[in-house]
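User: I am new to reading protein models and would like to learn how to go through one feature at a time. Could you take me through this one?

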Amino acid sequence: MVHRIDVHRLADEATWNRFHTTVLVWCFVIIVFDGYDLAVGGIALPNIMKDMAVDATQAGFMLSSALFGMMFGAMGLGWVADRYGRRVGLSLSVLFFSVFTAAAGFTSDPVTFSVMRFLAGLGIGGAIPAAAAQITEYSPKKVRGMIFTVMTCGYAVGSILAAVLGKTLIDAYGWQTVFIAAGLPVLLIPFIMKYMPESLPFLIKHRDDAHLREVVGKIRPGLKLGPQEEFLVPDEDKAAGAPVARLFQEGRGFSTAMFWIAYITCLFMLYALSSWLVKLMAMAGYSLGSALNFLLAFNSGAIVGAIGGGWLSDKLNIKWVLFCGFLTAAVSLTALGYGVQPLLLVVAVVGASTLGTQILAYAYTAQFYPAAIRSTGVGFASGIGRFGAIAGPIGIGVLVSLNLSLQQNFMVIAAVGLVGAVAVALINHRRSASTQDQDTTKPVVAVAVAAGAPATRN
């Protein structure tokens, strides 16, 4: 007699163990280097502008080249991760962001620098969709929000690492050193291919029973598996049809558009700040060292905000936790523009409510879409959101060129945050895959192994 096992229910109800820790550590490390490669441009910006003799508007376009690459990388490599496997998607991302960020350190003119940053952006943008889908699929449901935000705090850790190395290396050895150091993660690729588990629906689709049984055994170490077990996923998690088209099916179309608007606004805030915060604070009279301290406070606040938001999202409705994050961003950015004291604390709140909110947005998006289109859903939201990320550095660069006041610069960014709050409020949370899973009236295609079935625990 064949006994069917719903692999997602198995993962949802698992107890955290060494396997989960391994997946978390690998995803976290990838995101740390991803965050480093993204932040390094803003860290070195004042020195690059001086060395290459470019003005603020030109510098904005140079920084946006990476963000433009991220748009294509998020959509393209997100699709690759769903189509050809998460390990392939993650490995290609690491290859692109490592090699081409390092290559940017060997350039000496704005055009070549921008081309290298565009190519690096393909990998920077591609890493988060695959990592987001991976950690969401394998985390036990009761701690999923918290674990997801812990992983994506790697962005902030990477930014802090870039700031620390920037303070240590740039003045002594030149801005090129922090770019060249970014090439080291390419050494991780063979280990990612060997030790990172593949997506469960991907293994089922490709009939890789040996790998599938190995992964299931690690998720539930006490589960005995015999030849009569058949591994299945619910219908909505089967990779049937075009993944992109499915983002707009089953009542998800309007909410998909609202996710895209939310990403555009949040990424506008985030990349405007990551690119120009150091420069804006330097223009306000702070030294480069002091301005970098603000960046450290920004990213430290982001870690606290992300973990706190993840904890709240496991206890409360994640949609409204995200909505409050956008509102807090608008208020704290306005306060920063007016110099409300203590300034470092305000900057930390800004970090918690911009980078922390974006991390929570990734978590919500990953929970909203079924597993078969999860990387595609996160990838397209992140990719479309890059329009905001591209506009942020360019727009603030133009405002800086107009010699507007510090208050006006920050209020423009705050106004964008309010638009994001409205978009989140309009998302139909009832169409979320996580909400559908909780519907006990919905028929279940595959049956989880129950106590007393032939596949039993030791």
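Analyst: Let us begin with what counts as a helix: a DSSP run of H or I with at least four residues, numbered from the N terminus. This model is predicted, and in it helix α18 covers residues 374-401, and is followed by N403, whose phi is positive, near 60 degrees.

User: How many residues does α18 have, and how far does it reach from its first C-alpha to its last?

Analyst: The expected span of a helix is 1.5 Å times one less than its number of residues. With 28 residues, α18 reaches 41 Å, close to the 40 Å expected, although the helix also bends by about 30 degrees at R386.

User: Is α18 mostly covered or exposed?

Analyst: A residue is called buried when its relative accessible area is under 20%. By that cut-off 22 of the 28 residues in α18 are buried, which leaves the helix mostly covered.

User: What does helix α2 show at its start?

Analyst: There, a side-chain oxygen of N17 comes to within 2.8 Å of the backbone nitrogen of F19. Helix α2 itself runs over residues 18-43, and because 19 of its 26 residues are buried, it is largely enclosed by the rest of the structure.

User: Which residues touch the most other members of the largest nonpolar core?

Analyst: A nonpolar core joins buried residues such as Leu and Phe through side-chain atoms within 4.5 Å. The largest one here has 135 residues, and M151, F179, F410 and I413 touch the most other members. Helix α14 (residues 253-283) gives the most to this core, with 17 residues. Beyond its neighbours within four places in sequence, F410 is in contact with residues including L273, L277 and L333.

Conventions:
Residues are numbered from 1 along each chain as its sequence is written. This is a predicted model: local features need pLDDT of at least 70, side-chain atom pairs count only at pLDDT 80 or more; totals for chains, interfaces and linings use all residues. Side-chain values use heavy atoms; hydrogens and water are left out. Buried means under 20% relative accessible area, exposed over 50%, partly exposed in between (1.4 Å probe, protein chains only). Helices (H or I, at least four residues) and strands (E, at least two) are DSSP runs, numbered from the N terminus. Contact means heavy atoms within 4.5 Å. The bend at a residue is the angle between axes fitted to the seven residues ending there and the seven starting there. A polar contact is a pair of N or O atoms within 3.5 Å; within protein, one must be able to donate a hydrogen and the other to accept it, and residues adjacent in sequence count only if both atoms are side-chain atoms.
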